[in-house]
Amino acid sequence: MTLENSFDSGTLPDLRRAVLAEAVAAGMPDDRAHDVVLAVHELAANAVCHGGGAGWLRMETVLGELHCFISDAGWGDAHARTRTGNTVAVRQWLIRPGHGLWLVRDLADHLSIMSGPAGSEVTAMFTLPGHRGGHAIS
Amino acid sequence: MADDGVQVRAASLNGACVLWIAGELDLIAAGALAERARAAIAAVPGPVVIDLSGLKFVDVRGAHALDELVRTLPDGRTAAFRRCPLRVRRVLNLLGLAADALPARDRTAPQLAMPELAAQVRRARLEAAGSILDVSGTLARLASTRVRLASTIERAGLLREQGRQAVASSRAARQQLTPAGREPELSAGQPPSPSPGLPL
C-alpha cells in the first residue's frame, strides 16, 4: 500500500487522518498508529514552518516496516544566500529537547534526516508487529 | 471536525471553573489557545479544572501551549487537568510538560518525565562504573608489575650469584694455570723493561 500526499499548513488535519488510515491499513496496532500520526505530523509541521511552507509525504510498507518519507523544498537559494549557506536549514532541523524532531526520534524505530538549503528529506520508519526491525535502509 | 481544530469553553461547577478544551490542538490551533482560554475563565471564578476528555490530538506545540496555560493563569489561579486521554498524557509525559497539573497517578516516573536528566544520571553512572573498572585495571596492572619486578630482582640476584661463581671459577682456573703455563710464558721471553739497548 502506498500513500502519496502533498500538504501545507491548511491541510495538516486531513494529512493526519490519511496517515492514521494508512497506518491502520498497514497493520499497525492502534496505539502505535497514533504514534505514526504524531511523528508524521511533527515532520510535516517542521516542513510547513521551516521548509518553505509546504511539503510532500509518501508512506509505504517495505519489508515489514512502515516507511514515512517527508520532503520539502526548503527556502530556496535566495533565502539561503541571505544567510550563511547550510547553516540556515541545518540549524532549523536541530533536534532540541522538547521539540518536534526530538519527539519523533523517540517515537520512530529509525529516523534519517538529510537537510540543506535546497530542502529536506526525512524518513521515519516504524516496525510492523510480527517483524524484527532494522533490516531495511542502511 | 471543527473548523479551527480546538474548542474552548468554561462553566462553573461546585465553585470551580471547569475549562473544557476539545478537538485537535496542533500548532495552528495552539496559537490562539491562551487568549481564548483566558477569555473563557475570566467570567468564571474559582480554581480552574481543565477537562481534556474531548481532546483528540495534541502535538508538540499544543502540549507546550497547555503547559504554558497552566503555568501562567492570571490572578494566582491554579489549574489542574482532569480526564486527560491516554494519548494526550503520553505526549505530555514524553515531553515532561505540565507534570504538576496531571493527577499524580497519571504522571510517569521522573526518569520518563525528565529524559535529559535521566540520561545524564545514566551517563554519570556509566562513567563512574568505567572509572572503577579503570582503577581496578590499573591496580591489577600495578600488582602484576610488582610481581614482575620481584621476579626480576630475584633473577638479578641469581645472575649476580652466577656471575660471582663464574668469577670465582675463572680465578681458580687462572690460579691453576699460573704455575704451569702462562706466567712462565710471560717471563720466558725478554722482560719488556728495562730494555738493555735503550738508554735511560
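Reply: The largest nonpolar core has 70 residues, and the members touching the most other members are Val36(A), Val40(A), Ala44(A), Ala124(A) and Leu25(B). Helix 2 of chain A is the top contributor to this core, giving 11 residues. Keep in mind that this is a predicted model.

Pick out Ala124(A) and look around it. Leaving aside residues up to four places away in sequence, Ala124(A) touches Ala39(A), Val40(A), Leu43(A), Cys68(A), Val104(A), Ala108(A) and Leu111(A).

Now over to chain B and its helix 1. The buried residues of this helix are Leu27(B), Ile28(B), Ala29(B), Ala30(B), Leu33(B), Ala37(B) and Ile41(B). What covers them? From chain A, the cover includes helix 1 and helix 2, and from chain B it includes strands 1, 2 and 3 along with helix 2. Helix 1 of chain B also has a bend of about 40 degrees, located at Leu33(B). As for length, the helix runs over residues 27-42, and those 16 residues should span 22 Å at 1.5 Å a residue; the end C-alpha atoms are 24 Å apart, so the two agree.

Next, zoom in on Val6(B), which lies in strand 1 of chain B. Is Val6(B) buried or exposed? Val6(B) counts as buried because it has 25 C-beta neighbours inside 10 Å, and the cut-off for buried is 20 or more. Setting aside residues up to four places away in sequence, Val6(B) touches Ile21(B), Ala22(B), Gly23(B), Glu24(B), Leu25(B), Ala29(B) and Leu33(B). Val6(B) and Ile28(B) are 22 residues apart in sequence, yet 9.6 Å apart in space from C-alpha to C-alpha.

How do the two chains meet? In total, 15 residues of chain A are in contact with 14 residues of chain B. On the chain A side, helix 1, helix 2 and helix 5 each give two or more residues. The largest share, five residues, comes from helix 2 of chain A. By class, that side has six nonpolar, six polar and three charged residues.

One last thing is confidence. Chain A averages a pLDDT of 83, with 80% of its residues scoring at least 70. Within chain A, helix 1 has the highest confidence, with a mean of 96, and helix 3 the lowest, at 44. Over residues 77-91 of chain A the pLDDT is below 50, and this stretch has 18 contacts in the model beyond near neighbours in sequence.

How values were computed
Residues numbered from 1 in each chain as written. Chains lettered and ligands numbered in written order. Predicted model: local features only at pLDDT ≥ 70, side-chain atom pairs only at ≥ 80, totals over all residues. pLDDT = per-residue confidence, 0-100. Helix = DSSP H or I, 4+ residues; strand = E, 2+ residues; numbered from the N terminus. Contact = placed C-beta atoms within 7 Å. Nonpolar A, V, L, I, M, F, W, Y, C, P; charged D, E, K, R; others polar. Core = buried A, V, L, I, M, F, W, Y, C linked by C-beta atoms within 7 Å. Buried ≥ 20, exposed ≤ 12 C-beta atoms within 10 Å, placed from the backbone. Expected span 1.5 Å × (residues − 1). Bend = angle between axes of the 7 residues up to and from the residue.
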